[in-house]
Amino acid sequence: MIDLLEYAVKQAEKKGAKQAEAFYAAENRLRTTIEKKQVKISERKSEAGIGVRVALKKTNGFSTGFSYFTDLTKKAALDTVLQALKVASFRKLDKDFKSFQEGRRASPVKNIYDKKIAGIEPEKVVNLAADLIKTASIDKRITTIIGTIGANTTQVAIVNSLGISGKFNISGYSLSAYVVAQETGSVAVGWDEYSNCYYNEDEAYSIFKNAAGNALKQLHPKTIKTEKTDLLLQPQALTQILAFTLMPEIMANNVQKQQSPFVGKLNQTIASSNLSITDDAHIPQALGSKPFDDEGCPTQTTKIIDKGKLKNFLYNSYTANKDKVKSTGNSTRAFGGIFGRKPRYSVEPFIGPTNFRVHPGIQSAEAQLGEIISEVKNGVITKGVIGAHTANAPSGEFSVALDLAFKIEKGEIAYPVKQAMIGGNIQDLIKNVTMLADDATHVGFEHSSMVTPTILVRKVTVSG
Amino acid sequence: MGKPAGFELFDQVNAEDIFERAAKRAVSLLKAKPAPSGRYTVIADPHLAGIFPHEAVGHGCEADSVIAGESILEGRLGRKVGSEIVTIVDDSTVDGAWGTENYDDEGVPTKKRLLIEKGILKGYIHSKETAARLHKEPNGGARAENFSHRPVVRMSNTYIAKGDHTFEELIEDIDNGVYLKASRGGQVDTAKGTFQFNAEEAYRIRKGKITTPLLDVSLSGLTLETLHNIDALGKDFDWVVGFCGKSGQSVPVGDASPHIRIRNALVGGRA
């Protein structure tokens with residue numbers, strides 16, 4: 001594949017590009033869906049293609065162009081190069097563009113590719129799904145079991161005219177279980193999820209068991225009153241909130257556009273000293289781990305918040321050149337989520353996290369989850385939130401419904417909560433983090449992840 | 001603003017107005033106070049209220065969700081699910097609407113689908129498969145994002161039919177309420193029947209008058225409770241364009257509603 005990438009880059013230079021880059025991504029996905037206690041669908045998809053970027057010299061600077069192809073031949077490569085050059089000639093001069101990624105050496109990252117996933121047969125996953133349905137059918141009150149099992153492999157390769165040439169493989173495995181329980185007029189839902197680079201059947205069984213257990217625990221919920229109270233956000237809930245507030249707010253493109261409450265706040269205290277957040281591309285088996293980013297820049301570990309102080313923003317090459325700093329290796333082309341996804345080769349690079357790790361800033365801020373709960377006199381613990389994607393990222397305001405929440409009274413989980421909401425802004429939330437539990441969990445996205453424990457935040461208005 | 005149209009749209013709409021509205025909204029947010037928390041009478045404008053028939057009702061009427069056992073509306077056909085003034089329709093044939101198409105992605109001619117009529121649940125949205133499994137006629141509801149996806153049951157243009165109140169009539173007897181406008185979207189749990197909708201712009205209502213601007217806030221509720229708590233509908237009506245995500249696929253949809261009044265709705269502020 002590297003040969004075809006080199007060919008595209010050479011041709012682009014020959015046809016007038018000052019700089020050129022060719023990026024290859026090939027994905028194989030296997031997905032099995034469980035619907036109402038039956039294995040419903042098993043589908044396999046493959047997609048591969050190459051995206052070409054060129055920089056054309058103009059008076060006073062450059063303009064860039066992009067195009068991509070999926071018919072992996074030299075002829076298609078040449079056509080695509082010409083198309084990208086045409087786009088560059090139409091586009092206006094981009095004064096902020098200085099260069100594509102300069103050649104730097106990347107070191108390999110261990111344990112991100114599971115050979116077992118590459119060779120996996122759909123039958124194996126379908127059989128697993130059938131067993132998972134049995135596992136979750138632990139009680140006659142369970143009326144519906146829904147779930148997905150996904151396994152995928154991705155191959156990435158990149159060549160550019162500044163000396164970058166590299167490739168790597170990564171695999172992904174993800175599970176989600178959603179269970180409905182019903183009893184005398186009460187309908188309750190429980191869920192759980194898991195993701196990792198490695199295939200793991202034991203985890204699948206425990207995820208489905210947990211989801212079933214959660215559904216049963218949610219039966220016959222009670223209404224709570226609106227009041228200021230202690231709030232425990234479990235890993236998935238915190239992940240959702242951070243993904244649509246803090247994460248976009250520390251990306252250099254949004255900071256440069258002044259669309260972040262953290263503009264001009266570097267090295268200032270923005271959070272509780274109990275809290276540190278790191279973007280770490282080298283965590284074994286985490287979905288966002290990789291040796292280099294989608295422009296070929298070596299990845300690293302970047303301190304974002306260190307004991308409450310804002311230390312860094314996340315950069316790709318374009319935004320780094322604009323601020324005259326080095327890229328943090330956070331260029332990505334992975335565009336996806338609940339609203340559909342696009343193949344990586346078809347997208348120009350932007351900025352994204354690798355593995356966003358939330359951890360205690362000081363050791364005394366960490367305790368066992370059980371200990372933290374036992375010290376809460378009056379509070380709420382929630383596994384998830386609903387509607388985090390509607391947060392106002394530039395201002396940090398969010399208002400979400402709690403999902404799978406329980407009331408805590410006198411240090412013990414008392415009863416399931418019928419309906420509750422929290423509102424606030426991320427700036428206040430991170431200042432009020434009081435304790436972090438020892439239950440750090442990996443929550444995966446499309447080629448990135450968040451690794452976070454449950455956190456305790458004091459005096460949050462929970463409406464019920 | 002959006003329509004399946006060409007540049008003639010710019011003759012019908014003044015594009016500058018859209019920028020002016022956004023600028024005014026941003027300026028008004030500078031003076032905004034944190035929104036209240038708890039239960040209030042809420043007025044939602046068409047752009048926010050339009051999300052309700054889509055998120056809270058439409059997703060629960062998708063027959064694949066009904067069959068999968070993940071819809072609160074399962075087994076309720078012909079039964080009362082909301083107040084008598086509520087009629088909700090999903091219609092692929094609305095002229096010039098964002099989710100309009102003549103045929104669905106299984107080649108079935110599309111049509112107008114009555115979901116709730118005067119508070120009674122009337123029907124679901126079907127693909128050929130779900131229609132066969134539930135012994136109903138297919139009604140053109142199978143859509144795919146593109147060739148690389150399988151068609152799944154989806155909405156098209158979903159709306160609450162309008163009522164007969166003026167805006168002033170809707171708010172005049174509200175002593176302490178919240179007016180919610182526009183939205184960045186929402187999310188729903190169809191099995192449990194809960195939803196969350198965000199409002200981009202909000203105001204306090206005091207003694208029948210619109211007063212203080214409020215910071216971004218959301219509304220959450222139980223679908224069946226909320227359908228019963230809608231007690232008045234405006235006589236205005238407006239469309240919003242959007243994209244709906246399901247099964248990792250995105251398709252264009254239209255949502256519409258008049259101004260609606262909801263009693264005892266949960267507002268998630270921080271004051």
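Helices, of at least four residues, and strands, of at least two, are taken here as DSSP runs that are numbered from the N terminus. Counted in this way, chain B of this predicted model holds eight helices and 17 strands. The radius of gyration of chain B is 19 Å, close to the 18 Å that the globule rule gives for 271 residues, so chain B is as compact as a globular protein of that length. Taken along the principal axes, the C-alpha atoms of chain B fill a box of roughly 55 × 45 × 35 Å. Of its 271 residues, 52% count as buried, and among the contacts in chain B with a separation of 6 or more, 74% are made by residues 24 or more positions apart.

Part of chain B is built around an open sheet, in which six strands follow the order β4-β3-β2-β7-β16-β15 with mixed pairing. At its edges stand β4 (120-121) and β15 of chain B, each of which pairs on one side only. The pairing of β15(B) with β16(B) is antiparallel and runs over nine bridges; within it, Gly242(B) has Val253(B) of β16(B) as its bridge partner.

Chain B also meets chain A, in a contact that takes 36 residues from chain B and 31 residues from chain A. On the chain B side, the elements that supply at least two residues each include β15 (238-246) and β16 (249-257), together with β1 (37-44) and β17 (260-268). The element that gives the most to this side is β13(B), with four residues.

Chain A is assigned two domains, domain 1 (2-217) and domain 2 (227-463), and their C-alpha centres lie 22 Å apart. The contact between them takes 41 residues from domain 1 of chain A and 27 residues from domain 2 of chain A. On the domain 1 side, two or more residues come from each of the strands β1 (19-35), β2 (38-58), β3 (61-69), β4 (142-160), β5 (165-183) and β6 (186-196), and likewise from the helix α5 (201-217) of chain A.

The make-up of two of these contact sides, by residue class, is set out below.

Notes: Residues are numbered from 1 along each chain as its sequence is written. Chains are lettered from A and ligands numbered from 1 in the order in which they are written. This is a predicted model: local features need pLDDT of at least 70, side-chain atom pairs count only at pLDDT 80 or more; totals for chains, interfaces and linings use all residues. Domain bounds come from an automatic or database domain assignment. Two residues are in contact if their C-beta atoms, placed from the backbone, lie within 7 Å. Two strands pair if DSSP finds at least two bridges between them. The radius of gyration is taken over C-alpha atoms; the globule rule is 2.2 Å times the number of residues to the power 0.38. A residue is buried if 20 or more other C-beta atoms lie within 10 Å of its own, exposed if 12 or fewer, and partly exposed in between; C-beta atoms are placed from the backbone.
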